[in-house]
Amino acid sequence: SAAEFWAIITSPRTLHAYGLSVGGALIAAAINTCFGLVVAWVLVRYRFPGRSVLDALVDLPLALPTAVAGVALTAVYAPNAALGGVLTRMGVPVAFSNAGIVLAMMLVSLPFAVRTVQPVLEDLDPEVEEAAAALGASALTTFVRVIFPSLVPAMLTGLALSFAKAAGEYGSIIFIAGNIPRKSEIAPLLIMTRLDEFNYPAAATIGVGMLVLSLAM
């Protein structure tokens with residue numbers, strides 16, 4: 001019934017799972033939009049040894065099974081791992097925390113931020129930049145007033161795609177997150193939990209919320 005649907009969708013556990021998925025995805029998408037611009041700029045504007053390897057690594061998260069990505073992240077950032085141990089001693093734990101969730105979201109959604117901007121950069125007419133330089137514009141002014149406006153639509157597309165991918169991510173997150181209800185439990189995991197409990201109406205209800213979010217994006 002409508003009352004049961006509303007009770008499930010507004011329960012504290014569901015709202016927290018939605019908040020973590022949406023909030024983490026927003027942070028990951030925002031970081032990836034900035035970092036993706038840098039990566040795309042380097043790939044388009046510079047030629048250096050290993051460029052083709054870097055270009056291939058950008059697409060690796062799309063080909064890599066998400067569970068493998070999650071296991072790899074956990075192996076690197078776990079408290080007993082080399083890097084993870086250092087971060088934990090510094091008071092910045094990554095594995096089994098919300099930071100690990102955002103990190104996993106960033107990993108799987110980065111290709112969308114890079115690949116939407118890269119072709120636009122490649123198609124920019126170099127004569128426009130040369131004209132700006134001839135008129136006395138600095139490199140920074142040329143980027144801000146000439147190049148960046150042309151990239152904004154592509155960056156917004158990359159932001160939306162990265163957000164949508166990160167919000168629905170499951171496989172890579174469950175290994176590095178603590179998966180504790182109302183603390184580190186994402187919405188896709190809550191759906192799987194309800195399915196394991198054979199509570200199909202609750203799983204479908206939470207899924208409808210994710211569907212609405214995806215359609216909105």
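**View A. Glu197 counts as partly exposed, at 43% relative accessibility.** The cut-offs are under 20% relative accessible area for buried, over 50% for exposed and in between for partly exposed (1.4 Å probe, protein chains only). The model is predicted: local features need pLDDT of at least 70 and side-chain atom pairs pLDDT 80 or more, while totals for chains, interfaces and linings use all residues. Residues are numbered from 1 along each chain as its sequence is written, and side-chain values use heavy atoms, with hydrogens and water left out. The side chain of Glu197 meets that of Arg194 in a salt bridge, at 3.0 Å from N to O. A salt bridge here is a Lys or Arg side-chain nitrogen within 4 Å of an Asp or Glu carboxyl oxygen. Arg194 counts as buried, at 16% relative accessibility. Elsewhere, salt bridges with shared partners join Asp55, Asp59 and Arg115 into one network.

**View B. Arg115 and Asp55 pair through their side chains in a salt bridge.** The N to O distance is 2.9 Å. Arg115 belongs to helix 6 (residues 98–123) and Asp55 to helix 3 (residues 51–63), so the bridge ties together parts 60 residues apart in sequence. Helices are DSSP runs (H or I, at least four residues), strands are E runs of at least two, and both are numbered from the N terminus. Arg115 is partly exposed, with a relative accessible area of 25%. Asp55 also counts as partly exposed, at 25% relative accessibility. A search of the whole structure finds 6 salt bridges.

**View C. Lys165 forms a salt bridge with Glu169.** Their closest N and O atoms are 3.6 Å apart. Glu169 counts as buried, at 4% relative accessibility. Lys165 counts as partly exposed, at 28%.

**View D. A nonpolar surface patch consists of Ile27, Ile31, Phe35 and Val38.** Together these side chains have about 350 Å² of accessible area. Patch residues have over 30% relative accessible area and no salt bridge; nonpolar side chains (Val, Leu, Ile, Met, Phe, Trp, Tyr) are joined within 5 Å, like charges within 9 Å. Ile31 sits in helix 2 (residues 12–45). Ile31 is partly exposed, with a relative accessible area of 37%.

**View E. Helix 2 crosses helix 8 (residues 139–167) at roughly 135°.** The two axes come within 8 Å. Helix 2 is therefore oblique to helix 8. Axes are lines fitted to C-alpha atoms, for helices over the stretch in contact, and angles run from 0 to 180 degrees between N-to-C directions. Helix 2 passes helix 8 in a right-handed crossing.

**View F. Helix 10 (residues 187–196) packs against helix 11 (residues 200–216).** The angle is about 160°, and the axes are 7 Å apart. Helix 10 and helix 11 are therefore roughly antiparallel. Angles over 145 degrees count as roughly antiparallel, under 35 as roughly parallel, 65 to 115 as roughly perpendicular, and the rest as oblique. Helix 10 passes helix 11 in a left-handed crossing. A crossing is left-handed if the near helix is turned anticlockwise from the far one by less than a right angle, and right-handed if clockwise.

**Overview. The protein has 11 helices and 0 strands.** From the N terminus on, its elements run α-α-α-α-α-α-α-α-α-α-α. The C-alpha trace spans about 65 × 45 × 30 Å along its principal axes. Of the 217 residues, 39% are buried.

Note on methods. Areas by Shrake-Rupley, 256 points an atom, 1.4 Å probe, with all protein chains shown as cover.
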